[in-house]
Amino acid sequence: MSLEASILKGTALGGQKITFSGIHFDADPGTVTLEGRACIATSWDDGEVVATTPPRWNANGIYIASPDTVDLVLTLADGTAYTLQYAYLVTMFDQALQQISKALLMLDRDQGDNFTVHAGQVLGYKTQDIN
């Protein structure tokens, strides 16, 4: 018998449910980590473990959006650890955040860029459907 996971790839935003099966987990909960970040185990019993992935932030609280393969580790209460590989995908949302980040880095208060929006500064906003 070997450890199996329902998914082994996903977004860095977190919130993905992973169901583990294939081994005896024991009823005593252990831990699940993704790249060293704690996953939230929502269910743990002898036949199955369900955990939710955390968001991928660095130590400074900055969102990491890069396509990497990292360790997904399930550790039983007795200390036995199983490691699988999990692939982070770069989504269209990730790409949009990267573009916004680049634009924000170009702002410069010394050059007169205004970082405050006051009432009346926003005159109108039109949405457009994108096909």
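1. The side chains of Glu35 and Arg56 meet in a salt bridge, with an N to O distance of 2.9 Å, where a salt bridge is taken as a side-chain nitrogen of Lys or Arg within 4 Å of a carboxyl oxygen of Asp or Glu. This pair links distant parts of the chain, 21 residues apart, since Glu35 sits in the loop between β4 (31-34) and β5 (37-38) and Arg56 in the loop between β7 (49-52) and β8 (69-75). The strands named here are DSSP runs (E, at least two residues; helices would be H or I, at least four residues), numbered from the N terminus.

2. The model is predicted, so that local features need pLDDT of at least 70 and side-chain atom pairs count only at pLDDT 80 or more, while totals for chains, interfaces and linings use all residues. Residues are numbered from 1 along each chain as its sequence is written, and side-chain values use heavy atoms, with hydrogens and water left out.

3. Arg56 also takes part in a salt bridge with Asp68, at 2.7 Å from N to O. Both Asp68 and Arg56 lie in the loop between β7 and β8, so this contact ties together parts that are 12 residues apart in sequence. At 3% relative accessibility Arg56 counts as buried, whereas Asp68, at 28%, counts as partly exposed; the cut-offs are under 20% relative accessible area for buried, over 50% for exposed, and in between for partly exposed, with a 1.4 Å probe and protein chains only.

4. Glu35 has a further partner in Arg37, and the side chains of these two residues meet in a salt bridge of 2.7 Å, N to O. Arg37 is buried, its relative accessible area being 19%, while Glu35 is partly exposed at 32%.

5. Taken as a set, the structure holds 3 salt bridges, and a network of salt bridges links Glu35, Arg37, Arg56 and Asp68.

6. The backbone at Glu35 also deserves a comment. Most residues other than glycine have a negative phi. Glu35, although not a glycine, has a positive phi of about 55°, and its place is in the loop between β4 and β5.
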